[in-house]
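Subject: Structure handover

Hello,

Here is the structure for your files. My notes on it follow below.

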Amino acid sequence: MLTASHQKTNASFQRRPPPPRKFSLCGTVEDPNLIRDFCRRRDGTARILDLRNDEHRIVSQLTVGLMALHNKFFDDFMATSTITRRSKRRKAAFAFAKDETIKAWQSVVLTDMLPTLVDVRPSSP
C-alpha cells in the first residue's frame, strides 16, 4: 500500500501521457464492402475508452464517423502547419481537430436533428 508521501515523492518518476494523436479506426474508406469500425480485441470488445459508444450500431457508427472526421481535420492541419516542432504541431493539430469536429457536430444537431425532433427551423443570424 502506498502512502500519500510515497506517492508525492514518486510523482516525478511517473510517465507523461502520450502526445495527442489521431483515433485508431479499422477498415478503409477505399473498400466499399468493408464497414469502418472500432479496432477490436480478440473477444470482440471495442478498443475505446467508453464502451457505451459501442452498445448498438447507430451510436457506434456515429462515433466512428466523428472519429474519422477528427482524423481528417488532424491530417489536414499536420499537412499545412508551419509549426516546426513535431510535438507542438501534434498538440495544435489535435486541438484544431477537436474544435472543428465539435463545431461540425453542433451544426448537425442545430440544423438537422433539433428541427426534425421539434419540427422547428432555427432562425438565421
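There are three aromatic pairs, counting rings of Phe, Tyr and Trp (its six-membered ring) with centres within 6.5 Å; planes under 30 degrees apart are stacked, over 60 edge-to-face, the rest tilted. Phe23 and Phe94 have ring centres 6.4 Å apart and planes at 55 degrees, so this pair is tilted. Phe23 sits in the loop between helix 1 (4–10) and strand 1 (25–26), Phe94 in helix 3 (residues 86–118), so the pair ties together parts 71 residues apart in sequence. Helices (H or I, at least four residues) and strands (E, at least two) are DSSP runs, numbered from the N terminus.

The model is predicted: local features need pLDDT of at least 70, side-chain atom pairs 80 or more, while totals for chains, interfaces and linings use all residues. Numbering starts from 1 along each chain as its sequence is written, and side-chain values use heavy atoms, without hydrogens or water.

Phe73 and Phe96 have centres 6.3 Å apart and planes at 85 degrees, so they are edge-to-face. Phe73 is in helix 2 (residues 57–80) and Phe96 in helix 3, 23 residues apart. Phe73, Phe77 and Phe96 form one aromatic cluster.

Phe96 is partly exposed at 31% relative accessible area (buried is under 20%, exposed over 50%, partly exposed in between; 1.4 Å probe, protein chains only). Phe23 is partly exposed too, at 36%. The buried residues of helix 3 are Arg89, Arg90, Ala93, Ala97, Thr101 and Pro115. They pack against helix 2 (contact: heavy atoms within 4.5 Å).

Just after helix 3, Asp119 has a positive phi of about 55 degrees.

Best wishes
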